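I opened the file to look up charge pairs and the overall build. My entries follow in the order I made them.

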Amino acid sequence: MAKNPILHPYSDKQAFERLMILLTTIIQNPGVGSTGQTSPTSGYRDTLLEVQKAMQQTAAEINISFPENYPATPTIRKDIETLRNYGILERRMYRWGYYLGTGALNFQELKIALNALQSQAKYQGDPTSKRLIENLNKRLKGLELETKGELFYPIRQFLNRAIISTDPEEMMEKGNNQNTLFHKLDIIERAILQGLPIELSRNSAPYSTGKVGFSHIYPLQILYHDIAWYLLSQEYETGHFAIGRINRFRNYCKITSQQGRNLEQQKENLQKAHQLLSNGWGLYLGNLEEQQAELAGSLKFESIKIRFYPPVTTFILEGELRHPKQKIIKGPKDTTGNHIYVDYNVKLPPRSFQEFMLWVNRHSANAQILSPRILIEQHQQAAKALLSRYENPQQ
């Protein structure tokens, strides 16, 4: 004897179509139902009204006719609970909008993200990005064909190119395997997120002798600057912040304890390190005593004044956001309407003088230091040394 069929809550055609429309709406509009506010407590708003409006629009686009004001928000809430029950939506808050799994981007946002990944893979040589782009090229091949190449077209690229080998697999393929920390980035990334201390071994320190050998640190961030990848870290014992180029560490990374600090503590220390970066010029963060005074607000910053002459003046004026504490003063104009000179003023901690001078020296004879006296003397001595080198070339 045949069993009587058990009717499902979505056996009705309209109920089934409503559920499918809800799924389609979330897929096509990731983030639908967002409050549009940075804080979910800044005022009540029924976000399901936005979902309702989007569902009605989706239904109209695929020629499904819904009654007026259908579906009601309590019905949508019930359908959302159904999606949770089947594991399609997770059992967590979606105060900033609904999306399925990791599909949090729409088509335009995906294109921008792909551009950034492609650039990081190609020019910055990030091996993780390379593997990800390879996988996405395969998975999104159909969409790439459908958009006639638009999806992966590199509208935006970062051309700063890494000058060292960064991909262990490519090193092996080329028979150029190098003893660098790039082989251990997966361990470092895990240590960063879990707040675990690690031991590293530095084999090169061009700007600070005596800093080679083993070090015990908390890794905070892997960052790219100009021509290379760097590791931002904090010394385990003292809390001293430092940035080191990854290829200057050996292929050695040991997690020294499974008892670390939480992610909030990692973020707090990362913020302190970036405060030092923002205050200074370049990547050198100073010694421990300087850092402690700077973060406490008791370190005196030096006022620096550089006078730039044409044709460099145009480039200096363009850099309105070169440093958060800068001030640019335009000099008088000549008969053609161009500025005779431009004064660039900035306050920096003394630890940044050397890297700041590297930037000034790029402009050669078009830059003159007006203050402080110590930098004037350094600039003069460098100019004399350069002149002497040309007057007395070594055979």
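I began with Arg92, which is partly exposed at a relative accessible area of 30%. The model is a predicted one. I then looked for the partner of Arg92 and found Glu90 in a salt bridge with it, the closest N and O atoms being 3.0 Å apart. Glu90 also counts as partly exposed, at 40% relative accessibility.

Next I took Glu170 and Lys130, whose side chains form a salt bridge at 2.8 Å, N to O. Glu170 sits in helix α7 (residues 168-173) and Lys130 in helix α5 (residues 127-139), so this pair ties together parts 40 residues apart in sequence. I noted Glu170 as partly exposed at 32%, whereas Lys130 is buried at 14%.

I then checked Glu294 and Arg351, a salt bridge with its closest N and O atoms 2.8 Å apart. Glu294 belongs to helix α10 (residues 288-296) and Arg351 to the loop between β10 (342-348) and α12 (353-361), so the pair links parts 57 residues apart in sequence. Glu294 is buried at 5% relative accessible area, and Arg351 is buried at 6%. I also traced a network in which salt bridges with shared partners join Lys130, Arg131, Glu134, Asp167, Glu169 and Glu170.

For the totals, I searched the whole structure and got 14 salt bridges. The mean positions of the 47 positive and 38 negative charges of the protein chain lie 2 Å apart.

Last, I noted the overall build. The protein chain has 13 helices and eleven strands. Of the 395 residues, 39% count as buried.

Note on methods: Residues are numbered from 1 along each chain as its sequence is written. This is a predicted model: local features need pLDDT of at least 70, side-chain atom pairs count only at pLDDT 80 or more; totals for chains, interfaces and linings use all residues. Side-chain values use heavy atoms; hydrogens and water are left out. Helices (H or I, at least four residues) and strands (E, at least two) are DSSP runs, numbered from the N terminus. Buried means under 20% relative accessible area, exposed over 50%, partly exposed in between (1.4 Å probe, protein chains only). Lys and Arg count as positive and Asp and Glu as negative; His and the chain ends are not counted. The place of a charge is taken as NZ of Lys, CZ of Arg, CG of Asp or CD of Glu. A salt bridge is a side-chain nitrogen of Lys or Arg within 4 Å of a carboxyl oxygen of Asp or Glu.
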